Amino acid sequence: MTDLKETLRGIASAIVDHPDDVSVKETADGNRVNLVLHVAEDDMGMVIGKHGKIAKAIRTVMRAAASADNRDVNVEIR
């Protein structure tokens, strides 16, 4: 079973300047998993990217990881 929380934390930590400030809060309701990614304010631009391209890519990778376990995931970035 894929640990979605750690997967998201690893992806975000790799692209930010302050990886120690990355945290992920997870809530689950059946097969639905909600992940809230918190990063330093200075790193928000890196995580979101131009026109949201990085955020979209992160969500796509997380959906693929969740589908391996027949789960659905929603990623919020704050």
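**Exercise 1. In which strand is I77 found? Work out its surroundings too.**

Before we start, a word on the model: it is predicted, so local features need pLDDT of at least 70 and side-chain atom pairs count only at pLDDT 80 or more, while totals for chains, interfaces and linings use all residues. Residues are numbered from 1 along each chain as its sequence is written, and side-chain values use heavy atoms, with hydrogens and water left out.

Step 1. I77 is found in strand β3. Strands here are DSSP runs of E with at least two residues, helices are runs of H or I with at least four, and both are numbered from the N terminus.

Step 2. Check the cover: I77 has 18% relative accessibility and counts as buried. The cut-offs are under 20% relative accessible area for buried, over 50% for exposed, and partly exposed in between (1.4 Å probe, protein chains only).

Step 3. List the neighbours. Leaving out residues up to four places away in sequence, I77 touches L37, M44, V47, A55 and R59; a contact means heavy atoms within 4.5 Å.

Step 4. Pick M44 from that list. The C-alpha atoms of I77 and M44 lie 8.4 Å apart, though 33 residues separate the two in sequence.

**Exercise 2. Trace how the strands pair.**

Step 1. Take β1 (residues 23-29) with β2. These two run antiparallel, with seven bridges, and K25 stands opposite V36 in β2.

Step 2. Look at the connection. β1 and β2 form a hairpin with two residues between them, and G30 in the turn shows a positive phi of about 70°.

Step 3. Move on to β2 (residues 32-38) and β3. This pair is parallel and joined by six bridges, with L37 opposite I77.

**Exercise 3. Find residues other than glycine with a positive phi, and say where they sit.**

Step 1. H51 is one of them, with phi near 55°. H51 belongs to the loop between α2 (44-48) and α3 (53-67), and is exposed at 80% relative accessible area.

Step 2. N70 is another, also with phi near 55°. Its loop runs between α3 and β3, and N70 is exposed as well, at 64%.

**Exercise 4. Describe the overall fold and dimensions.**

Step 1. Count the elements: three helices and three strands, in the order α-β-β-α-α-β along the sequence.

Step 2. Compare with a globule. The radius of gyration (over C-alpha atoms) is 12 Å, which agrees with the value near 12 Å for a compact globule of 78 residues; the globule rule is 2.2 Å times the number of residues to the power 0.38.

Step 3. Of the 78 residues, 29% count as buried. Among contacts with a separation of 6 or more, 56% come from residues 24 or more positions apart.

Notes
Two strands pair if DSSP finds at least two bridges between them.
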